[in-house]
Amino acid sequence: MRSNDLKHEKGLARRHRRVRGKISGTPERPRLCVTRSNSNIYAQVIDDVSHTTICGVSTLGPEFKATGKKGGTVEGAAEIGTIIGKMAQDKGVTKVVFDRGGHLYHGRVKALADAAREAGLVF
């Protein structure tokens, strides 16, 4: 592993701990958690009080595969945001706390957040 890769991973872990130390999901306002890799993006709505996942979607799931978009793109992330927004509203969730998972609020993470807002989630 190169030293730049190690630095990046340490920075990501540090940001993730800092963000998660400040936010948590409640039954009234669960946490919208975003995780991404180079080729996929995942989103879950989580109630941290009861330790349950209310709903979740990823670029590997059948909901996304039906759209025909690619997972490692901004367009794919926006589609995931739209899908998670609709799924959350179907479960009765309208307000969430956004957890970017240590990733910078830029690119695919921002696209997912914007699409979730357009789908009706408030955060």
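Let me start at the end of a helix: helix 3 is followed by Gly-92, whose phi is positive, near 90°. Please keep in mind throughout that what we are looking at is a predicted model.

Helix 3 itself covers residues 74-90, and its 17 residues reach 24 Å from the first C-alpha to the last, which is close to the 24 Å expected at 1.5 Å a residue. Its buried residues are Gly-76, Ala-77, Glu-79, Ile-80, Gly-81, Ile-83, Ile-84, Gly-85 and Ala-88, and what covers them includes strand 1, strand 2 and strand 3, together with helix 2 and helix 4.

Turning to helix 4, residues 108-118, we find Arg-108 buried, along with Val-109, Ala-111, Leu-112, Ala-113, Ala-115 and Ala-116.

Finally, the serine, Ser-58, which has its place in strand 3. Is Ser-58 buried or exposed? Its relative accessibility is 14%, and because the cut-off for buried is under 20%, Ser-58 counts as buried. A polar atom of the Ser-58 side chain lies 3.1 Å from the backbone nitrogen of Leu-60. Leaving aside residues up to four places away in sequence, Ser-58 touches Ile-41, Tyr-42, Phe-64 and Ile-80, and Ile-80 brings us back to helix 3, where it is among the buried residues.

Methods: Residues numbered from 1 in each chain as written. Predicted model: local features only at pLDDT ≥ 70, side-chain atom pairs only at ≥ 80, totals over all residues. Heavy atoms only, no water. Helix = DSSP H or I, 4+ residues; strand = E, 2+ residues; numbered from the N terminus. Expected span 1.5 Å × (residues − 1). Buried < 20%, exposed > 50% of the residue type's maximum accessible area, 1.4 Å probe, protein only. Contact = heavy atoms within 4.5 Å. Polar contact = N/O pair within 3.5 Å; in protein donor to acceptor, adjacent residues only side chain to side chain.
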